[in-house]
Amino acid sequence: MIKILMVEDDPLILKNLSELLKNEGFESHQAVSVNEAKEILSEKKFDLILLDILLPDGNGFSLFSMIKSITDTPVIFLTASADEFSVVTGLDMGADDYIEKPFRPRELISRIKTVLRRSGRTGSTVKIQDITVDMDKGTVFKGGNEVFLSALEYKLLLVFTGNPDTVLTRSKLLSEIWDWGGDFVNDNTLTVYIKRLREKIEDDAAQPKIILTVRGLGYKLGGSV
């Protein structure tokens, strides 16, 4: 089950969020302060964190920096309506998304699922033509045979499956896989990794049907997810 930590000091928001996440099949945990969140994070691992910016013993930005220094867990900031500075600051720091309070429940769930899918934490299996990606086990199969990918190749594939209807520019792909697993990635090595990935998952790497080139723009996922 997907585990989500809510860091928020408003009891009404916590109550409503808990019910909403429970109804969607998520396991939720609560922290009402920076210190409580740190204590919980030292004991448990989560698939996603919903993080308020204004907390009684500090701000969400400092907690976000601590989180990202020890884990790649995706974070969605909860911000006050029309607080443009907080939104920009959070995104510049590397937040995965933000949503303004008061939020619409269905929009929040949609954003949560998008971030989970993009980060490969959906706990689900994705099929693209004859390729099956098991995100629980971190395995990839082509037909009935397992395909062995490097960590960066696997991350690259997850970026594509997490953005099924999107043309991904080279700069976007680079930002998603930069320094993944300690590998230095630049524009030239991105070309190499896309070539290697195609060689492993395509029937014919010279005529790809899964990772498509969109001339002048970038790449997109072919088939269905």
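Guide: A residue is called buried when its relative accessible area is under 20%, exposed when that value is over 50%, and partly exposed in between. The model is a predicted one. Start with Thr-161. Its relative accessibility is 0%, so Thr-161 is buried. It belongs to helix H6, which covers residues 151-161.

Now step from H6 to helix H7. H6 is among the elements that cover the buried residues of H7, and so are H8 and E13. H7 runs over residues 170-177, with Leu-173, Leu-174 and Ile-177 buried. These three span an arc of only 100° around the axis, so they sit on the same side of H7. Turn to the other side of H7 and you find Ser-171 and Ser-175, both exposed.

Ile-194 is part of helix H8, residues 187-201. With a relative accessibility of 2%, Ile-194 is buried because the cut-off is under 20%. Tyr-219 lies 25 residues from Ile-194 in sequence, and their C-alpha atoms are 9.8 Å apart.

Strand E12 takes in residues 211-214 and strand E13 residues 218-221; four bridges join them, and they run antiparallel.

For comparison, look at another helix, H2. It covers residues 34-43, and its buried residues include Val-34, Ala-37, Ile-40 and Leu-41. Viewed down the axis of H2, the buried residues fall within an arc of 125°, so they line one face of the helix. Asn-35, Ser-42 and Glu-43 are exposed on the other side of H2. What lies over the buried residues? The N-terminal end of H2 has a cap: a side-chain oxygen of Ser-33 lies 3.1 Å from the backbone nitrogen of Glu-36.

Asn-59 is in E5. At 31% relative accessibility, Asn-59 is partly exposed. It touches Val-34 and Ile-53, with residues up to four places away in sequence not counted. Asn-59 and Val-34 stand 25 residues apart in sequence; from C-alpha to C-alpha the gap is 7.4 Å. The side chain of Asn-59 also reaches the backbone nitrogen of Phe-61, at 2.8 Å.

Next, the empty space. Rolling a probe the size of a water molecule over the atoms shows where space is left. The second largest pocket holds about 180 Å³. H2 and H3 each supply at least two residues of its lining. Among the lining residues are Leu-41, Ser-42, Ile-67 and Ile-70. The lining also includes Lys-44, Lys-45, Phe-46, Ile-49, Thr-71, Thr-73 and Arg-121. Leu-41 is one of the buried residues of H2, whereas Ser-42 is exposed.

Finish with the backbone. Most peptide bonds are trans, and most residues other than glycine have a negative phi. Here are two exceptions. The peptide bond between Lys-101 and Pro-102 is cis, with omega about -5°. Pro-102 is in the loop that lies between strand E7 (97-101) and helix H5 (105-118). Gln-129, a residue other than glycine, has a positive phi near 55°. The loop holding Gln-129 lies between strand E8 (125-128) and strand E9 (131-134). Gln-129 has a relative accessible area of 38%, so it is partly exposed.

How values were computed
Residues numbered from 1 in each chain as written. Predicted model: local features only at pLDDT ≥ 70, side-chain atom pairs only at ≥ 80, totals over all residues. Heavy atoms only, no water. Pairing = 2+ DSSP bridges. Buried < 20%, exposed > 50% of the residue type's maximum accessible area, 1.4 Å probe, protein only. Arc of directions from axis to C-beta. Polar contact = N/O pair within 3.5 Å; in protein donor to acceptor, adjacent residues only side chain to side chain. 1 Å grid on protein atoms, 1.4 Å probe; cavity = no way out; pocket = protein on both sides within 12 Å on 5 of 7 lines; lining within 4 Å. Points joined across faces, edges and corners; volume = space filled by probe spheres on them. Contact = heavy atoms within 4.5 Å.
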